[in-house]
Amino acid sequence: MNKMIELKEIMNWRYSTKKFDETKPVSEEKLQSILDITNLSASSYGLQPFKMIVVEDQALKKKLVDYSYGQTQIGNSSHLVVFAVRTDIDEAFIDNYVGHVAEQRGVSLESLEGYKKMLQGFVNKKDPVAVFKWASDQVY
């Protein structure tokens, strides 16, 4: 099957679950696949300015229902993935990110120097509140 058609069929199938079958928890393998795929999602500059926190503790999930507009699915899910905006987007974060990119692509840090300076300029010209707002916009 054509990959684009397959992707379109998958995207058309998606829906918002209103109630989970608590006898069928998501397997660790599927959870890891979901997290891996989510890490590949697009974000501005590719910085992924968020952390994903997996909550499995049932008591904690039940408490979080009150902070989730009363959505009972939060408390009934086998796993809850919370997207938390990073508050440490600074030059050290950029250095670490560019180092990771160089390693993943098998290129030198020097070849990414212009990219690194552009990212640092983006972060340095904004105050922390503006960086947090930008990062928040990336999470959704």
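Is Q48 buried or exposed? I looked this up in what is a predicted model. Q48 has a relative accessible area of 15%, so I noted this residue as buried.

**Entry: surroundings of Q48**

I placed Q48 in the loop between α2 (28-39) and β1 (50-55). I then listed the contacts of Q48, leaving aside neighbours within four places in sequence: T38, N39, L40, S41, A42, S43 and R86. I also checked Q48 against E113, which is 65 residues away along the chain; their C-alpha atoms are separated by 19 Å.

**Entry: aromatic pairs**

I found five aromatic pairs in the structure. One of them is Y97 with Y115, with 6.4 Å from centre to centre and 55 degrees between the planes, which I logged as tilted. This pair links distant parts of the chain, since Y97 belongs to helix α5 (residues 91-105) and Y115 to helix α6 (residues 113-124), 18 residues apart. I looked up accessibility for both partners: Y97 is buried at a relative accessible area of 16%, whereas Y115 is partly exposed at 26%.

I went on to F122 and W134, an edge-to-face pair with centres 5.1 Å apart and an angle of 70 degrees between the planes. F122 is in helix α6 and W134 in helix α7 (residues 128-139), so this pair ties together parts that are twelve residues apart in sequence. I recorded F122 as buried, with a relative accessible area of 10%. W134 counts as buried too, at 10% relative accessibility.

**Entry: cluster**

Which residues do ring pairs link into a cluster with Y45? I noted F122 and W134.

Note on methods. Residues numbered from 1 in each chain as written. Predicted model: local features only at pLDDT ≥ 70, side-chain atom pairs only at ≥ 80, totals over all residues. Heavy atoms only, no water. Helix = DSSP H or I, 4+ residues; strand = E, 2+ residues; numbered from the N terminus. Buried < 20%, exposed > 50% of the residue type's maximum accessible area, 1.4 Å probe, protein only. Contact = heavy atoms within 4.5 Å. Phe/Tyr/Trp six-rings, centres within 6.5 Å; stacked < 30°, edge-to-face > 60°.
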